[in-house]
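Subject: Structure for you to look at

Dear colleague,

Here is the structure I said I would pass on. My notes on what was found follow below it.

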Amino acid sequence: DVDYDTDQLVSCASCAVAVHQSCYGVASPPAPGEAWHCAPCAEAAQGPAGARPPRCCLCPVAGGALKPTNLPGVWCHLACMQWIPEASVGNVAAMEPILGVDAVQRERWELPCALCRRSDGAKIQCADCYTAFHPLCARAAGLSMSMREGAGGGVALSARCARHGRVGAAPTGVHVVGVSPGEKEDDGGGGGRERDGSPGLAAGL
């Protein structure tokens with residue numbers, strides 16, 4: 001169980017990404033005056049100067065709370081892992097490595113995102129139709145994304161496109177690489193999918 005009174009928000013001294021201890025697997029908060037670095041920045045400090053920062057393999061969003069997967073050199077957003085059914089985390093206390101990236105169904109990689117219009121990365125679908133999108137694109141667009149207790153004590157995730165459940169744009173500040181802000185918005189579509197396999201999924205997903 002998480003003690004929310006002591007579950008502090010910590011910020012990376014290099015890239016400024018802010019995460020909760022429990023969400024990112026930070027065992028203890030940094031002492032006053034001590035610099036804390038997220039996993040990509042900590043690795044970059046040990047690598048060659050000028051190396052390109054890691055990118056999420058499941059979406060085109062730059063930066064964010066990334067963690068290494070069990071595949072060499074492959075990284076993933078914890079938020080993407082949470083929403084892609086095939087993905088999971090190996091060590092819950094450390095929130096890494098992320099597993100199952102190589103098991104993501106082929107159709108998830110091929111479907112275009114209704115929000116950023118890109119096909120790279122893995123997508124989920126609207127719980128009420130076949131509209132597909134990246135989880136972080138949906139969050140940036142303010143689409144309806146909900147969590148509830150599922151069968152057997154698990155967590156059931158459900159997201160809906162703009163037509164079936166838009167709740168208003170959320171100023172998350174995420175940036176999709178190579179796509180202008182205007183291309184990310186789509187008032188006519190969006191998407192999501194319940195992680196527990198509820199109805200409303202396209203064939204093959």
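Trp 36 is buried, with a relative accessible area of 14%. This is a predicted model, and everything below should be read as computed from it. By the ring-pairing rule the count comes to 1 aromatic pair. That pair is Tyr 24 with Trp 36, in an edge-to-face arrangement, with 5.8 Å centre to centre and 85° between the planes. It links distant parts of the chain: Tyr 24 belongs to helix H1, Trp 36 to the loop between H1 and H2, and the two are 12 residues apart. Tyr 24 is buried as well, at a relative accessible area of 2%. Lys 67 lies over the face of Tyr 24, 4.2 Å from the ring centre.

Helix H2 covers residues 39-46, and Ala 39, Pro 40 and Cys 41 in it are buried. The buried residues of H2 pack against helix H1 (21-24), strand S3 (66-68) and S4.

Strand S4 (residues 75-77) is where His 77 is placed. Is His 77 buried or exposed? His 77 has a relative accessible area of 2%, under the 20% cut-off, so it counts as buried. Leaving out residues up to four places away in sequence, His 77 touches Cys 56, Cys 59, Val 61, Gly 63, Gly 64, Ala 65, Leu 66, Ile 98 and Leu 136.

On the cysteines: how many disulfides does the structure hold? It holds 0. Cys 12 is in no disulfide, and the nearest cysteine sulfur, that of Cys 15, is 3.7 Å away. Cys 12 counts as buried at 4% relative accessibility, whereas Cys 23 counts as partly exposed at 44%.

Some backbone geometry deserves a look. Most residues other than glycine have a negative phi, and most peptide bonds are trans. Ala 16, although not a glycine, has a positive phi of about 75°. Ala 16 sits in the loop between strand S1 (9-11) and strand S2 (18-20), and at 53% relative accessibility it counts as exposed. Met 95 is not a glycine either, and has a positive phi of about 55°. Met 95 is found in the loop between strand S5 (88-91) and S6, and is buried, with a relative accessible area of 13%. A cis peptide bond joins Glu 96 and Pro 97, with omega at about -5°. Pro 97 is found in strand S6 (residues 96-99).

Ser 119 is in the loop between helix H4 (106-110) and strand S7 (124-125). Its relative accessible area is 36%, between the 20% and 50% limits, so Ser 119 is partly exposed. Not counting residues up to four places away in sequence, Ser 119 touches Trp 109, Glu 110, Leu 111 and Pro 112. The C-alpha atoms of Ser 119 and His 134 are separated by 9.4 Å, the two residues being 15 apart along the chain.

Last, the confidence. The mean pLDDT of the chain is 82, and 78% of its residues reach 70 or more. Over residues 169-205 the pLDDT is below 50, and this stretch has 118 contacts in the model beyond near neighbours in sequence.

Regards

How values were computed
Residues numbered from 1 in each chain as written. Predicted model: local features only at pLDDT ≥ 70, side-chain atom pairs only at ≥ 80, totals over all residues. Heavy atoms only, no water. Helix = DSSP H or I, 4+ residues; strand = E, 2+ residues; numbered from the N terminus. Buried < 20%, exposed > 50% of the residue type's maximum accessible area, 1.4 Å probe, protein only. Contact = heavy atoms within 4.5 Å. Disulfide = S-S within 2.5 Å. Phe/Tyr/Trp six-rings, centres within 6.5 Å; stacked < 30°, edge-to-face > 60°. Lys NZ or Arg CZ within 6 Å of the ring centre and 35° of its normal. pLDDT = per-residue confidence, 0-100.
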